[in-house]
Amino acid sequence: MANFQTHLSVAVAGGALLAVSGWHAALWPAADAGPLAALTAFGGILPDIDSDHSRSIRLIFTLFAVLAVVGGALMLQDRLSPGALVVACGGLYVGVRYVFGSVFKRFTVHRGIWHSLLAAMLCGLATSAVSYQLLQQNAWMAWAHGIALIIGTLIHLLLDEMYSVDLVGSRLKRSFGTAFKLFDYREPGNSVVMLMLAAGLAPWLPPWQVLIDLLAQGSRLWR
Ligand SMILES: [Zn+2]
């Protein structure tokens, strides 16, 4: 399996390539290229969120904790005194980084459900919904954010799969086929829950027609 450093550098390179070529093709303005590259890079480490000892999980939950603190501070700043705000933000950080992080670790298996195309799709849809509803992005950019995250996770899954081919002896290692999968075959129940979550996001998603237009314009990049 590819290590953390490989995952991060390939995803950062892929994200930069995606963001810059989309900007060249006038899919988005230059100012939107940075967040798109960052989302691709984040997607590139996201599937290893369930590996108990990896650096990905620490980094991912630290990022989640920072986001929670920023969001919490914005929402609570008018309601709390400065002292109480600091305590609340500290609590949010510890809660997300350590409590949520260890609960998540307790209930997930590495290369389980999070290491699948279904999870990539769910995370991409959630990103588009958050971007559209909470961050007030227009439909076009909201879909682009979701797609950037999905592309990052695809890069991750493909890299893991490539590393399970023994390049010297050209034999397949036993891990071949565990990285890139549609859903988690061992835990069909979890996959059904994920599908239901994805369907539940539908009311918050930007209009589908915009996604179709974005994909149609984006596909012209390759011709
Ligand atoms: Zn992986």
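Two residues are in contact here when heavy atoms of theirs lie within 4.5 Å. Keep that cut-off in mind for S131. The model is predicted.

Start with S131. Leaving aside residues up to four places away in sequence, S131 touches Q136, Q137, M141, A142 and H145. S131 itself sits in helix α5, which covers residues 117-133. Helix α6 spans residues 139-163. Is S131 buried or exposed? Its relative accessibility is 2%, so S131 counts as buried; the cut-off for that label is under 20%.

Now turn to the metal. Which residues coordinate the zinc ion? The donors are OD of D48, NE2 of H115, NE2 of H156 and OD of D160, at 1.9 to 2.3 Å. Along the sequence, these donor residues follow the spacing D-x66-H-x40-H-x3-D. D48 lies in the loop between α2 (30-45) and α3 (55-76), while H156 belongs to helix α6, so this pair ties together parts that are 108 residues apart in sequence. D48 and H156 are both buried.

What about the geometry? The 4 donor atoms subtend angles of 88 to 167 degrees around the zinc ion, which makes the arrangement irregular. The reasoning rests on a cut-off: four donors count as tetrahedral if all angles lie between 85 and 135 degrees. For four tetrahedral donors, the ideal angle is 109.5 degrees.

The largest pocket holds about 1100 Å³ of space. Its lining has 30 residues, and F42, F64, L67, T127 and V130 lie nearest the centre. Helices α2, α3, α4 (82-107), α5 and α6 are the elements that give two or more residues to this lining. Which element gives the most? That is α3, with 8 residues. By class, the lining of the largest pocket has 25 nonpolar residues, 5 polar ones and no charged ones.

The second largest pocket contains about 540 Å³ of space. It is lined by 27 residues, and L18, I147, A148, I151 and L215 are the closest to its centre. At least two lining residues come from each of α1 (4-24), α5, α6 and α8 (208-219). Here α6 supplies the largest share, 8 residues. The lining of the second largest pocket divides into 19 nonpolar, 8 polar and no charged residues.

Finally, follow helix α6 through the model.

Notes: Residues are numbered from 1 along each chain as its sequence is written. This is a predicted model: local features need pLDDT of at least 70, side-chain atom pairs count only at pLDDT 80 or more; totals for chains, interfaces and linings use all residues. Side-chain values use heavy atoms; hydrogens and water are left out. Helices (H or I, at least four residues) and strands (E, at least two) are DSSP runs, numbered from the N terminus. Buried means under 20% relative accessible area, exposed over 50%, partly exposed in between (1.4 Å probe, protein chains only). Donors are N, O and S atoms within 2.8 Å of the metal (3.2 Å for Na, K and Ca); water is not among the atoms, so sites may look incomplete. Four donors count as tetrahedral if all angles lie between 85 and 135 degrees; four count as square planar and six as octahedral if opposite donors are over 155 degrees apart and all others between 65 and 115; anything else is irregular. On a 1 Å grid over the protein atoms alone, a cavity is a set of points where a 1.4 Å probe fits but cannot get out, and a pocket is an open set with protein on both sides within 12 Å along at least five of seven lines; lining residues have an atom within 4 Å of a point. Grid points are joined across faces, edges and corners, and a volume is the space filled by probe spheres set on the points. Ala, Val, Leu, Ile, Met, Phe, Trp, Tyr, Cys and Pro count as nonpolar, Asp, Glu, Lys and Arg as charged, and the others, Gly among them, as polar.
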